[in-house]
Amino acid sequence: MQQKVRNIREQLLSDNWYTLKKYTFELQRADGSWQQQNREAYDRGNGAVILLYNRHKQTVVLTRQFRFPIFINGHHGFLIEAAAGLLDNASPEERIIAEAQEETGYTITHIEKVMEAYMSPGSVTEKLYFFIAEYADEDRQGAGGGVEEEGEDIEVLEWPLSQALAAIRSGEIMDAKTIMLLQHLALNVRFEENKQ
């Protein structure tokens, strides 16, 4: 494909937590003309997310933790999510197995990659790697809760899949990556019939 972007210049605005840069560049429009544009991009690295599920019990493992950015946007701040984290120079597979252990206490060895997605491409460079994995009760090797030194204080939730799907409809679950994985699970994974 012909190059559609040229003359990229960058200015560092902040590197306090991750990096925020202002970019000035020229973009070739559909009519062939070149237009100068400015954008800010936040680079926090790439990440991975995993939804643990139990086919027999028809349950999923989720987490609840405080997220300051949504708090200042009118939410109470405690977001229900699938376990996730930044790659920090590890492979997506290695990192998500470690994150599942740190956040949920479950030791998972067999994971299935389901997709990759950019979650906020207008301003954030991050690409997320999405995984699912089956778990059993005996896979819980610890309490989870995250890493205290990183400010994590994570509550581990084991919910029926039906409750999690209802929580999307009610607005109790508002995290996009979690919604995507729950819907993927509901559409693509066959659960055992409930014999009550």
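**Buried charges and their partners**

Analyst: Both Lys177 and Glu81 are buried. This is a predicted model. Lys177 and Glu81 form a salt bridge, with the closest N and O atoms 2.7 Å apart. The pair links distant parts of the chain. Lys177 belongs to helix 4 (residues 176-188). Glu81 belongs to strand 6 (residues 78-81). They are 96 residues apart.

Lys177 has another partner, Asp175. Their side chains meet in a salt bridge at 3.0 Å, N to O. Asp175 has a relative accessible area of 11%, so it counts as buried; the cut-off is under 20%. Lys177 is buried by that cut-off too, at 11% relative accessibility.

These contacts belong to a network. Salt bridges link Arg67, Glu81, Asp175 and Lys177.

Now set that against a pair elsewhere. Glu158 forms a salt bridge with Lys57, and the closest N and O atoms are 2.8 Å apart. Glu158 lies in strand 10 (residues 155-160). Lys57 lies in the loop between strand 4 (47-54) and strand 5 (59-66). The pair therefore ties together parts that are 101 residues apart in sequence. Glu158 is partly exposed, with a relative accessible area of 37%. Lys57 is also partly exposed, at 32% relative accessibility. By contrast, Lys177 and Glu81 are both buried.

How values were computed: Residues numbered from 1 in each chain as written. Predicted model: local features only at pLDDT ≥ 70, side-chain atom pairs only at ≥ 80, totals over all residues. Heavy atoms only, no water. Salt bridge = Lys/Arg side-chain N within 4 Å of Asp/Glu carboxyl O. Helix = DSSP H or I, 4+ residues; strand = E, 2+ residues; numbered from the N terminus. Buried < 20%, exposed > 50% of the residue type's maximum accessible area, 1.4 Å probe, protein only.
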